[in-house]
Amino acid sequence: MRWPAGFLVNGLLLGAAAVTIAPLAWMLSVSLMAPGEATAPTPPLLPARLTLENYTELFARAGMGRSVLNSVVLTTAVTLLSLLFNVAAGYAFAKLRFAGRDRLFRLLLVALVIPAQVGMVPLFLMLKHLGLVNSYGGVIVPAMASIFGIFLVRQYALSIPDDLLEAARLDGASELRIFRSVVVPLLGPIIVTLAVFTSLGTWNDFMWPLIVLNDRELYTLPVALASLSREHVQDTELMMAGSVLTTLPVLLVFLLLQRFYIQGLVLGSVKE
Amino acid sequence: MRRAGVAWCFVAPALLVIAVFFFVPVLAALALSLTDFDIYALADRRNLRLVGLGNYAQLLQTPLFWQAFGNTLYFVIVGVPLSIAVSFGAALLLHSPLVRFRGFYRTALFAPVVTTLVAVAVVWRYLFNPVNGWLNYALGRVGIPPVDWLGDPHWAMPAIIVFAVWKNFGYNMVILLAGLQSIPPPLYEAAQVDGASAWRQFRHITLPMLAPIVAMVNILTVAGYLQLFAEPYVMTQGGPMQSTVSVLYFMYEEGFKWWNLGSASAVAFILFLFIFAVTALQLRLSRWQYAP
């Protein structure tokens with residue numbers, strides 16, 4: 001009885017994993033085909049001859065090199081700045097005392113239900129007024145702090161023992177020093193989790209960069225890819241190379257750091 | 001006293017950013033939705049007039065707005081149960097003690113979640129291609145005639161739903177798997193001693209223990225699916241025959257294509273109120289259902 005059940009469970013999982021991975025594998029395979037090869041009446045699974053032609057085309061003619069740079073710069077800037085702001089605030093909400101702390105935190109939690117898109121139109125006008133539309137700043141500035149990030153750090157920081165902080169204070173350490181040398185090392189795992197979340201989220205984000213960046217030179221990879229896909233509908237192989245270029249970096253980061261990502265996902269979803 | 005001052009230094013930067021770039025715009029959206037802010041007001045603020053609830057009244061008379069609303073509901077009502085069912089099935093399989101290479105399967109099934117939505121939407125657009133796409137080719141091999149997935153108004157939304165389920169099911173799968181793993185094993189051991197079948201154990205232990213998590217997953221997924229945007233933007237551009245225009249897609253076009261920013265803010269607010277109402281209703285239902 002046990003053997004067929006195990007066979008069934010593993011067989012179903014193997015099938016499900018194959019179906020799930022197939023589109024990604026196909027994307028990679030087609031990106032290495034010669035132009036026109038993928039649209040044969042019997043679509044081939046593997047390239048007849050491996051070629052990087054589509055990738056060189058992306059950089060040489062479609063200007064995707066600039067988009068890679070934009071995505072890297074924006075993702076790095078947003079991740080570093082929002083980590084700084086969110087970790088400091090999350091720690092303070094968990095461990096430091098100030099008037100109205102808990103009421104303020106509850107207000108933030110309630111605001112989590114407001115979708116970001118609600119304020120997008122006024123935010124656009126505000127940034128336009130500040131001269132940040134169509135610049136890196138337009139993407140970075142509104143993303144420098146997030147309620148979710150503060151929440152994640154606070155939940156984790158609650159477990160830091162107060163005695164530890166008091167002992168450091170008795171030793172005469174300043175609050176900033178305590179934060180740097182005691183708190184941040186203890187928050188290490190959640191900082192990595194938040195860094196992975198923020199960087200993947202920023203890299204993949206589409207709607208806001210689409211709205212706030214107008215010049216091709218400033219497009220992030222998803223925006224550039226969406227625009228390219230409207231012009232090059234027929235060029236399957238080129239588009240697949242663009243998709244690989246856009247999605248491979250996040251897949252690699254995820255594969256390397258998935259323990260932290262999954263932990264954050266489970267931690268973040270039990271907020272209710 | 002000094003400590004409170006220090007605490008404020010820690011929270012102030014983040015709170016300032018959130019207040020200025022999140023709370024203020026949300027409130028401003030409400031104000032803006034009561035004006036006729038358009039491309040003329042964009043050029044010269046003196047062209048701005050208060051129109052009260054005029055934008056809302058206008059929207060309720062716009063057939064495309066209603067269609068966008070209906071399309072979005074279709075996406076949610078079919079997509080969410082399907083997505084959660086797939087997540088649940090995958091989580092149950094992964095949780096089975098008979099699984100070998102659990103970590104590998106979990107990673108493989110989760111991978112689409114972290115991919116870039118725009119990039120994989122482009123990939124699926126080619127898979128859905130009616131002439132030389134893989135989906136029709138595979139279906140053709142088992143004798144099913146080709147379907148014009150993204151070109152037929154009846155099939156475009158189902159195609160987007162299939163894509164969205166593929167992209168998202170891993171997320172809830174991981175949460176449900178964590179829920180399954182947190183059920184205390186003695187419950188099952190006691191049931192086995194009593195001779196309960198696997199089905200009865202599932203029915204009377206797994207399901208009730210998991211119900212609160214399923215309820216939470218459901219609420220979050222509904223709220224997320226109501227924000228459909230990038231899939232139609234990349235795969236169908238709202239077509240064919242506006243069968244995939246979602247509320248946010250409508251808002252985007254209204255605001256950033258036609259520059260009717262007052263009206264776009266009204267759309268955003270209606271969507272927000274709707275999400276809020278649906279979330280509150282589901283919370284109430286789940287409390288009522290799982291109250292001890």
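## Contact between α12(A) and α6(B)

Pro222(A), Leu225(A), Ala226(A) and Ser229(A) of helix α12(A) are in contact with Val118(B), Ala119(B) and Val122(B) of helix α6(B). By class, this contact has six nonpolar residues, one polar residue and no charged residues. The model is a predicted one.

## The interface of the two chains

Across the whole interface, 69 residues of chain B are in contact with 71 residues of chain A. On the chain B side, helix α1 (residues 2-32) gives the most, with 19 residues. That side of chain B has 58 nonpolar, nine polar and two charged residues.

## Two helices packed within chain B

Helix α5 (residues 102-114) and helix α8 (residues 156-181) of chain B pack with their axes 7 Å apart, at an angle of about 120 degrees. The two helices, α5(B) and α8(B), are therefore oblique to each other. The crossing of α5(B) past α8(B) is left-handed.

From α5(B), the contact is made by Leu109(B), Phe110(B), Pro112(B) and Val113(B). From α8(B), the residues are Trp166(B), Lys167(B), Asn168(B), Gly170(B), Tyr171(B), Met173(B) and Val174(B). Eight residues of the contact of α5(B) with α8(B) are nonpolar, two are polar and one is charged.

## The two sides of α9(A)

Which residues of helix α9(A) are buried? In this helix, residues 175-186 of chain A, the buried residues are Glu175(A), Ile178(A), Phe179(A) and Val183(A). Seen down the axis of α9(A), these buried residues fall within an arc of 100 degrees, so they line one face of the helix. On the other side of α9(A), Arg177(A), Arg180(A), Ser181(A) and Pro185(A) are exposed.

An α-helix has 3.6 residues a turn, so residues three or four places apart point the same way.

## Met33(A) in a loop

Met33(A) lies in the loop between α1 (2-31) and α2 (53-60) of chain A. Is Met33(A) buried or exposed? Met33(A) counts as buried because it has 24 C-beta neighbours inside 10 Å, where 20 or more are needed.

Leaving aside neighbours within four places in sequence, Met33(A) is in contact with Ala38(A), Pro47(A) and Glu237(A). Phe7(A) is 26 residues from Met33(A) along the chain, and the C-alpha atoms of the two residues are separated by 36 Å.

## Backbone features in loops of chain B

Most residues other than glycine have a negative phi, and most peptide bonds are trans. Chain B has exceptions to both. A cis peptide bond joins Gly239(B) and Pro240(B), with omega about -15 degrees. Pro240(B) is in the loop between α11 (230-235) and α12 (247-257) of chain B.

Gln242(B) is also found in the loop between α11 and α12 of chain B. Its phi is positive, near 55 degrees. Because Gln242(B) has 19 C-beta neighbours inside 10 Å, it counts as partly exposed. Trp259(B) likewise has a positive phi, near 55 degrees, and its place is in the loop between α12 and α13 (261-290) of chain B. With 17 C-beta neighbours inside 10 Å, Trp259(B) counts as partly exposed.

Technical notes: Residues are numbered from 1 along each chain as its sequence is written. Chains are lettered from A and ligands numbered from 1 in the order in which they are written. This is a predicted model: local features need pLDDT of at least 70, side-chain atom pairs count only at pLDDT 80 or more; totals for chains, interfaces and linings use all residues. A residue is buried if 20 or more other C-beta atoms lie within 10 Å of its own, exposed if 12 or fewer, and partly exposed in between; C-beta atoms are placed from the backbone. Helices (H or I, at least four residues) and strands (E, at least two) are DSSP runs, numbered from the N terminus. The arc is that of the directions from the helix axis to the C-beta atoms. Axes are lines fitted to C-alpha atoms, for helices over the stretch in contact, and angles run from 0 to 180 degrees between N-to-C directions. Angles under 35 degrees count as roughly parallel, over 145 as roughly antiparallel, 65 to 115 as roughly perpendicular and the rest as oblique. A crossing is left-handed if the near helix is turned anticlockwise from the far one by less than a right angle, and right-handed if clockwise. Two residues are in contact if their C-beta atoms, placed from the backbone, lie within 7 Å. Ala, Val, Leu, Ile, Met, Phe, Trp, Tyr, Cys and Pro count as nonpolar, Asp, Glu, Lys and Arg as charged, and the others, Gly among them, as polar.
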